[in-house]
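Let's look at some labels and ask what stands behind each of them.

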Amino acid sequence: PGLLSYLAHRDFDAFVPGINDLIDGNQTECIPNVEERIEKGKIAIRALADYKKAKEQGDDSAATAAIVLLEENYQHFGYGYFDNHKDRLIPNVPMTFYAFHIMVGAGFLFILIFIVMLWKAFKNRLEKNRLWLRIAFLMMPLAYVASMAGWIVTEVGRQPWVVQDLMPTLTAASRLNAGAVITTFYIFTVLFSALLIAEVSIMIKQINIGPKEKGA
């Protein structure tokens with residue numbers, strides 16, 4: 001209790017809004033509900049369009065009025081694209097929750113195993129304990145699982161935002177065509193497959209050679 005508050009605001013007693021607060025609002029903490037933010041977001045989007053139009057027409061007074069209105073509602077800008085589809089504003093909570101716990105749990109497990117292996121190495125008992133060597137070997141795939149879980153937390157947990165409250169993923173665009181993306185995908189697939197094969201081959205070769213005797 002209080003740790004998330006400190007991480008977010010450097011204050012153990014600070015309020016950290018949850019999903020219900022962000023969607024339904026919280027009057028005590030002056031957090032508007034999603035419907036209010038969507039309406040203000042629409043105002044901001046229209047104000048930006050009016051500003052661009054006024055600048056093209058050389059109407060400085062209209063441009064000034066539009067930019068003032070935009071600044072007043074700018075923090076809600078991205079909500080204007082959702083048009084009351086507030087269910088799209090909630091990311092996949094179970095997937096994010098479990099991916100986060102897998103990532104963090106694996107991280108603490110790695111630290112624990114590292115401490116044990118380091119202690120055994122100092123005691124010169126590491127190569128004699130086959131069980132821990134096998135455990136260390138089995139931990140290698142878990143590192144990739146933890147990495148992928150971290151990416152799930154990042155990419156699923158941030159939905160639907162590219163830039164929080166300002167640019168949703170539904171408005172994000174790229175100039176890359178599908179062919180460029182597919183080509184890049186295949187290049188990375190071939191490259192990392194080759195690296196994986198090389199790494200596994202080197203590991204198997206060294207395992208077959210075995211540890212060197214002292215003084216050899």
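Helices (H or I, at least four residues) and strands (E, at least two) are DSSP runs, numbered from the N terminus. This is a predicted model, in which local features need pLDDT of at least 70, side-chain atom pairs count only at pLDDT 80 or more, and totals for chains, interfaces and linings use all residues. Residues are numbered from 1 along each chain as its sequence is written, and side-chain values use heavy atoms, with hydrogens and water left out.

Q: How do you know whether Cys30 is buried or exposed?
A: The relative accessible area of Cys30 is 67%, so Cys30 is exposed. Cys30 sits in the loop between α2 and α3 (34-57), and its phi, near 60°, is positive although the residue is not glycine.

Q: What makes Phe114 count as buried or exposed?
A: Phe114 has 52% relative accessibility, and therefore counts as exposed. Phe114 belongs to helix α5 (residues 93-122).

Q: Which residues make the nonpolar surface patch?
A: Phe108, Ile111, Phe114, Ile115, Leu118 and Phe122 make a patch of about 690 Å². Patches are made of residues with over 30% relative accessible area and no salt bridge; nonpolar side chains (Val, Leu, Ile, Met, Phe, Trp, Tyr) are joined within 5 Å, like charges within 9 Å. A salt bridge is a side-chain nitrogen of Lys or Arg within 4 Å of a carboxyl oxygen of Asp or Glu.

Q: What makes a space a pocket, and what volume has the largest pocket?
A: On a 1 Å grid over the protein atoms alone, a pocket is an open set of points where a 1.4 Å probe fits, with protein on both sides within 12 Å along at least five of seven lines; lining residues have an atom within 4 Å of a point. The largest pocket has a volume of about 630 Å³. Of its 22 lining residues, the closest to the centre are Pro17, Gly18, Ile19, Leu22 and Gln164. Helix α2 (residues 19-24) gives the most to this lining, three residues.

Conventions
Grid points are joined across faces, edges and corners, and a volume is the space filled by probe spheres set on the points. Accessible areas come from the Shrake-Rupley method with a 1.4 Å probe; for residues, only the protein chains shown count as cover. Buried means under 20% relative accessible area, exposed over 50%, partly exposed in between (1.4 Å probe, protein chains only).
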